[in-house]
Amino acid sequence: MPQKSQSIELSTLPVSSLRETGIANIRNTLRQGQQHMADWESGSLAVSAVPGAGKSTGMAAAAAIAIAGQYEQSAQLGRNIRRQLIVVTFTRSAAANIKLKIREYLKQLSLPQTGFVVNTLHGLALNIASRYPDFSGLELNNVTLITPNQSHRFIRTAVEQWIVNHNARYSRLLEGIQFDGEETERLRRQSVLRTEVLPELATIVIHEAKSSGLLPEDLRELSKQTTDEYEILSIAAGLYEQYQNLMRSRDFIDYDDMILAALRVLENKNARRIEQNQVFAVFEDEAQDSSPLQTKLLTILATDADNPDEPPNMIRVGDPNQAINSTFTPADPIYFRQFCKECDAQQRLVTMDQAGRSTKIIIDAANFVLEWVNSLYMKTGQGDKGTRGQGGVGGEKTSSTSPSSLTSNLPIAPLPFRFQRIRPVEPNHREDDVNPQAVGPGLELYTPRDIHHTVELLSQRIVELFSQEPNTVSAAILVRENRQGRWLTEALTSVCKEHEIPLYDVGERDRHSHVPEEILALLQFCDRPHSPDNLKRALEVLVQRRLIPTQDLNALATLPEAFLYPGPLASPQQEPVQKAAHLCRSLLRARLELPLYQLISFIALTLNYEQAELATADKLAERVIQQIAGNTSMGAMLNALSEIVSSERFEPVETEDLEKRYTRNGQLTIITMHKAKGLDWDYVFMPFLHENLIPGRFWIPPQSQFLGDFTLSEVARAQIRAALHGQSTLPSITAAWEQAKHLKTAEEYRLLYVAMTRAKRLLWMSAAKKAPFTWSKPENLQEQTPCPVFPALKRQFPKNIVTVATNPELNSLDNS
C-alpha cells in the first residue's frame, strides 16, 4: 500500500490535459495490439502475444494509463488516491525492467511515479503473508526459506521414514516386475530406490501437489482411482506427508508454502477485503507459466470487494507457444489457455501478432516450424484440430519423430502450438518501429561433418561478424544443455582470445552461486588447516579469485605445516609461496580472533567480493546463523553450509540487470535455450540440433528398469494433472507414461521455436552428421539423426543452405 508521504492533492493535477494529450501521445506510439491493452478500463482481458511483440512495453503503457485513470477518478471524487495497480512478472530482472518503463510513462504524464507495485509472484505472496502472521501461520523471524532438490536432507529423511513405516509397500517395489531373490540384486535395488527413485518421486510430487493446493490426504483419495500394483500415488502421499512433518518441525518453508500462506490470509473475510480494497487491478506477465494456486491468488486480489460477482479486474499476458517450463515445474499452460477461451467468448481476447524483433526470413522460419510441427500431428489424426481457435499447447507423442503410436485409450492431445503466425510490423507513424535488416541471408543452415567441424564453422562466422561490427552488436550461442555450453566454451576460448572477443558462459557463471562453495572451502581450511585436501581447496579458491599467483598447489598442500609455518632450517620460500602462506595465516588468525558469526563476512571481504557477491555472502551468513541457532559451533556451521552447497540451489543476490549482462554489445554469450527466453541478440547461433535432444525422449535409467518401462515420478505427475484437469478417470500407468512423453515432445518443439525467435538479424543453425550420444562423453562421436525440423527447414529454404566444402574459403550459400 502506498505510504502517506506518497499521496498528493489531486486537485492540482492537470487531469484534462492528461486525458487529451499525454495519454493520447502514449497510445499513438503503440502498435495495434498494444493499443488494445492501453484501452483497458475494467474487467478481465487476455492477451496472447507472439515473441517480439513488445508485450512489456504494451503492459507498461497500459499500466501508466490505468494509473492516470485512477488519479482522475479520485480527483472527480475529491479525495486522494488509495488503490494501486499490482504488476506481476516471472523474474526479478523482468520486474526491474517493467518498473522502469512504467515510471518513464508516468513521467511523460507528469504524474508521481507511484500508484503501483511490481513483484514476482512469490514476492507478492510473501508480502501478504508477512502482514498477517496470525492468519498465514508464518512468523518470518522464525522460518527459513529453502529450495530443496532430491539430495536435500529433508527429502532423504522423508524417504527413510516412509520406508520404515511402509515396509510391505517398499518390498513390493523391490520385487519390481521380476525378482529371483538374489541378495546382491536386492542390495542394488535398495540403493536405487533409496537414493534415486523415491527421492525423485518425492521432489516432483511435492512440488506438483503443493503448487496445486493438494494435501497428502487428497493424493490418497486420488490413489483409490488407480489400479497399479505399486500404488504410486499412495506412496507419493506418504512421502509428501513425511516431508511436511519435517518442514514444520524445523520451521522451514519452501516457495509453495509462501503462496499457500498468502491464500490462507485471503480466506479470512476481513483480511481479504482489506487487501482487495488496496488494489484496483492486477496485470500479469508470462501468464502461460502460472500454476493453479498462483492463478487463484491473483484472481482473488483482482476481484472488487464490493462487486465480487463481477469479472476480476485483470490483464493476463502470455504466449502458449512459449510454454517451456511445464515438464520440470508445476507451470501448466492449460490454465492460461482456458482463460483465453473464456475471454474470447466475451470478446475480451487480444492477439498481439506484430513483432519487430526479427528480420523477415527469421519470422518466416519460425512460422514454418510452428505449422510444420502441428501438421505432423494432424496428419496422423492425433492433434486436436479444435485448438485452432483457442491455441492448444502440449501435444503428445510416444516416439521422438512420430505421434502415430499413441495408445487408443488416450484422450486426443492438443496441438503443440497455437495457430498464431508472427507478422512483421506494419508501416506506421514511428519511423524506428520497423523490422531489422538481415545480415547476409538472415538464415543460414549448416550440416558439418562433426562437432569439431561445427566449432570451425562457428569460429569463422563469429570472427567475420565481429570484425565488421566489433562493439555495436550482440551475439549468442544457444545450447540445449549446459554440458554443450561448457564444451563450446573450452573449444572457442582460444579463438575468442586471439580476436579479443569477450566470451561469457552463462552456465559456468550462473549455474549456482559460487559464494557458498568458496566460503565453505575456506572455512573447512580454518577448521582443519593440517588437512592437505582442505588446504588445496582453499588455495584453489584463492587462485581463482586471483589473490595469489598460479603455482603448483600440490607441492604446497603436501606438507601443510611446512608451508604455513616453515622452520628456521627450511629453504626460503619464493615470493608467490610467501604470499599464499601469508593469506592462509591471516585466515587462521581470524578464526581465533573473530566471533563465529563474523567469519563469513570476513572471508567475503578477504576474497575481494564485489557488491552483489558481498550481498549474497551476507544473505548466506544470515541463513546459516539462523539455522544453527542454539548450537553455534564451527562443526554446526560447516554442516549447514555443506548441506546448502550439496543439496540446494542457493540463489545469489543480483544487483546488476541480468538481461544487460547476457546481451551486452561486443560480447559472445553462451546460454541455454531455456535461459534465453525473454532475451534477444543480433546474431544467434544454434548448433547441435539433433533428434536425441530435440525433441528427445524420456530415458529410463538402466538401474531402475526393474520397476518397468516408466518412471514413478512422471506417472504420478501425469495422474495428478489429469485429476486437476477434471478428467473423469485417472490414466493407467501406460497411459500416464504416454501422456508424459507427449508433453515433453511438444515442449521441446516449443523450446526450439523460442530459441529461433531470439535472433534479430541472423539465425545460424546446424546439425552435425556426427555428435556424442551423451554430452557427458563428448569424445565418443557417432552418427546422429538431425532434429526432424532441420531437414524440413532445408527443404523449405533451400537458398539458405550453406554448402560445406573441405576448404573453408569455399563455403558458400547454395543458390541452386
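1. The buried residues of helix α20 are V515, P516, E518, I519, L520, A521, L522, L523, F525 and C526, where buried means under 20% relative accessible area with a 1.4 Å probe and protein chains only. That makes ten of 13 residues, and α20 is mostly covered.

2. This is a predicted model, in which local features need pLDDT of at least 70 and side-chain atom pairs count only at pLDDT 80 or more, while totals for chains, interfaces and linings use all residues. Residues are numbered from 1 along each chain as its sequence is written, and side-chain values use heavy atoms, leaving out hydrogens and water.

3. Helix α20 spans residues 515-527 and reaches 18 Å from its first C-alpha to its last, close to the expected 18 Å. The expected span is 1.5 Å times one less than the number of residues.

4. In helix α5 (residues 121-131), the buried residues are L121, L124, A125, I128 and A129. They lie on the same side of α5 because they cover an arc of only 130 degrees around the axis, taken from the directions from the helix axis to the C-beta atoms. Their cover includes β2 (84-89), β3 (116-120), α6 (133-136), α12 (255-267), α13 (269-277) and α14 (292-302).

5. For the protein as a whole, there are 31 helices and 22 strands; these are DSSP runs, helices being H or I of at least four residues and strands E of at least two, numbered from the N terminus. Of the 816 residues, 55% count as buried.

6. Among contacts (heavy atoms within 4.5 Å) with a separation of 6 or more, 78% join residues 24 or more positions apart.

Key. Buried means under 20% relative accessible area, exposed over 50%, partly exposed in between (1.4 Å probe, protein chains only).
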